[in-house]
Amino acid sequence: MIKIENLTINYEDQCVLDNVSTTFPKGQITTIIGPNGCGKSTLIKAIAGLFDNGKSQIKIDGKPRSEYQRKEFSRKVSFLMQFSAAPIGMTVRELVTFGRQPYKQKFKNFTTEDYKVINWAMRKTSTDKFEDKLVSQLSGGEKQRVFLALALAQKTEVIILDEPTNHLDIKYQHELLQLIQELNLEEKITIICVLHDVNQAYRYSDKVVVMKSGKIIASGTPEQCLTKDIMHQVYDVNCMIEKIGNHHNVCVI
C-alpha cells in the first residue's frame, strides 16, 4: 500500500498540493481525476520521487519514500510519464530492454532471466509483433503499448500512469485501459492512473480520488465519488449520471 499523510508541495511560491492525505490500496486500480492544474500530476510525481520535498510524507509498504535507494525504488515502482519519448533510431525491443536496468549489474550483460521478462512484457502488450520497428514509426496507440511494456519489464509491484490515454483515439483509449485492467487482475499489479475522462474513471477503477485546487475533495469507490453533487463542486457543471446495462458502466452527461 502507498500512504500519503499531510503532503504539501510548493512550487515557485505557489502551493500546488495542500495538506494532502490519501491511500492507494495494494492490488487495485486507483484513478485520480480533477480539472487542469488541480495537482493530479504533481501528486503522482511526488510518489515517483521527482520532488525533493515531501518524501517523508509518502510511505510505500510502511517505509518512507525518502529511505528507498534509487535501484530499490525502481524495482518497486515504475512511472510512465504523459509525454514519454524514445531516442531517435531506437527499436521497440531496444526500448523495452531499458526496463531491466534496475536489475543489471555493473559491467555485466543482461541475463537469461532478463530476456525472459522482456519477452513476457512484449507478449503481454502485443508489442512483440513489431519488435524490430523503430518506435518513431509507430502509431500513438502502439507507442503507448511499448512504453507500458517498458514499465512491465521493470517487474514492479506498482505502475503509475500519467494520462496514458492522452491524444489517443477512443478505440485505442479503451484498448489501453482494458489492457491495464487485465494486467491488474492477472498480475496483481497496483495501478495509479491520472485520467481526464470521468466515464473511463468510473468504468475501470476500483477507487477514485477527486482533486481540486491542490486538495482532495472526495476519495472512495466510483459510486461514492462520481456523483452529481461532486461533479458540480469540482467541475462547476450540472450533469446526469445514467447506468448502462447490468455492468460497471455509467454515462456522465
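**Salt bridges and fold**

Tutor: Start with Asp 18, which is partly exposed at a relative accessible area of 29%. Buried means under 20%, exposed over 50%, and partly exposed in between, with a 1.4 Å probe and protein chains only.

Student: Before we go on, what kind of model is this, and how are residues numbered?

Tutor: It is a predicted model: local features need pLDDT of at least 70, side-chain atom pairs count only at pLDDT 80 or more, and totals for chains, interfaces and linings use all residues. Residues are numbered from 1 along each chain as its sequence is written, and side-chain values use heavy atoms, leaving out hydrogens and water.

Student: OK. Which residue forms a salt bridge with Asp 18?

Tutor: Lys 215, with the closest N and O atoms 2.7 Å apart. Lys 215 sits in strand E10 (residues 215-220) and Asp 18 in strand E2 (residues 14-24), so the pair ties together parts 197 residues apart in sequence. Strands (E, at least two residues) and helices (H or I, at least four) are DSSP runs, numbered from the N terminus. Lys 215 is partly exposed, at 40% relative accessibility.

Student: And the cut-off for a salt bridge?

Tutor: A side-chain nitrogen of Lys or Arg within 4 Å of a carboxyl oxygen of Asp or Glu.

Student: How many salt bridges by that rule?

Tutor: Nine. One of them joins Lys 124 and Glu 187, at 3.1 Å between the closest N and O atoms. Lys 124 is in helix H4 (residues 112-124) and Glu 187 in helix H6 (residues 170-187), so this pair links parts 63 residues apart in sequence. There is also a network of salt bridges linking Asp 61, Lys 76 and Glu 157.

Student: Switching topic. What's in helix H1, and is it enclosed or open?

Tutor: H1 covers residues 40-48; seven of its nine residues are buried, so it is largely enclosed by the rest of the structure. The buried set includes Lys 40, Leu 43 and Ile 47. Just after H1, Gly 49 takes a positive phi of about 90 degrees.

Student: Zoom out. How many helices and strands?

Tutor: Nine helices and twelve strands. The radius of gyration is 18 Å, close to the 18 Å that the globule rule gives for 253 residues, so the protein is as compact as a globular protein of that length. That radius is taken over C-alpha atoms, and the rule is 2.2 Å times the number of residues to the power 0.38.

Student: How much is buried overall?

Tutor: Of the 253 residues, 47%.
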